[in-house]
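Please read this briefing with the sequence and the 3D structure side by side, and look up each residue as it is named.

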Amino acid sequence: QVRLEESGGGLVQAGASLRLSCAASGFPFSEFAMGWFRQAPGKEREFIAAIKWGGDATRYADSVQGRFPISKDNAENTVYLQMNDLKPEDTSVYSCAKDRQRRTSYVPTSIGDFTSWGQGTQITVTP
């Protein structure tokens, strides 16, 4: 059974940093790309970042490019999102998800490319 569990959320002031973790189990983690998404109340789920199954390529939304590096530790079955220079507009629930396909040759970025969403972790950034 696929399980994804996010942690690391919290309440911070603008300019602060946080690191989110997503612990994965129930599937061969090293063979799947992983992604981070966020969804604020009343808004649609938004792509944030994704990393290729081998960890050698990444893609980012324009809104977080250069601030939120994604990384993948295949030995620990964990994907991370380092969140730097947080802004109030980053306030949202952040979730991780796995690629639908094994060993894709590209970095998936569409919501439809992903499945098995975690429960999410809340990030609140105050001015």
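Two residues are in contact when they have heavy atoms within 4.5 Å of each other. By that rule, residues 24 or more positions apart account for 59% of the contacts in the protein chain with a separation of 6 or more. This is a predicted model, in which local features need pLDDT of at least 70 and side-chain atom pairs count only at pLDDT 80 or more, while totals for chains, interfaces and linings use all residues. Residues are numbered from 1 along each chain as its sequence is written, and side-chain values use heavy atoms, with hydrogens and water left out.

**The chain as a whole**

- The secondary structure of the protein chain comes to zero helices and eleven strands, where helices (H or I, at least four residues) and strands (E, at least two) are DSSP runs numbered from the N terminus.
- Taken along the principal axes, the box that the C-alpha atoms of the protein chain fill is roughly 40 × 30 × 25 Å.

**Surface, burial and charge**

- Of the 127 residues of the protein chain, 43% count as buried; buried means under 20% relative accessible area, exposed means over 50%, and partly exposed lies in between (1.4 Å probe, protein chains only).
- The protein chain exposes about 6,400 Å², of which carbon and sulfur atoms supply 43%; such areas come from the Shrake-Rupley method with a 1.4 Å probe, and for residues only the protein chains shown count as cover.
- The mean positions of the 14 positive and 14 negative charges of the protein chain are 3 Å apart. Here Lys and Arg count as positive and Asp and Glu as negative, with His and the chain ends not counted, and the place of a charge is taken as NZ of Lys, CZ of Arg, CG of Asp or CD of Glu.

**Two buried strand residues**

- S92 is found in strand β9, which covers residues 92-99, and S92 counts as buried because its relative accessible area is 4%.
- A polar atom of the side chain of S92 lies 3.1 Å from the backbone nitrogen of A40. A polar contact is a pair of N or O atoms within 3.5 Å; within protein, one must be able to donate a hydrogen and the other to accept it, and residues adjacent in sequence count only if both atoms are side-chain atoms.
- Not counting residues up to four places away in sequence, S92 touches R38, Q39, A40, T121, Q122 and I123.
- T78 lies in strand β8, residues 78-83, and is buried, with a relative accessible area of 9%.
- The side chain of T78 has a polar atom 2.9 Å from the backbone oxygen of E76.
- Leaving aside neighbours within four places in sequence, the residues in contact with T78 include S21, C22, A23 and F29.

**Residues in loops**

- A33 lies in the loop between β3 (18-25) and β4 (34-39), and A33 counts as buried because its relative accessibility is 0%.
- Not counting residues up to four places away in sequence, A33 touches I51, K52, W53, A97, K98, D99, T104, P108 and F114.
- The C-alpha atoms of A33 and A23 are separated by 14 Å, and these residues are ten residues apart along the chain.
- G120 lies in the loop between β10 and β11 and counts as partly exposed, at 25% relative accessibility.
- Although G120 and R38 are 82 residues apart along the chain, their C-alpha atoms are separated by 8.4 Å.
- Leaving aside neighbours within four places in sequence, G120 is in contact with E6, V93, Y94 and S95.

**Positive phi values**

- Most residues other than glycine have a negative phi.
- D85, in the loop between β8 and β9, has a positive phi near 50 degrees, and D85 is partly exposed, with a relative accessible area of 39%.
- S116, in the loop between β10 (114-115) and β11 (121-126), has a positive phi near 60 degrees, and S116 counts as partly exposed at 27% relative accessibility.
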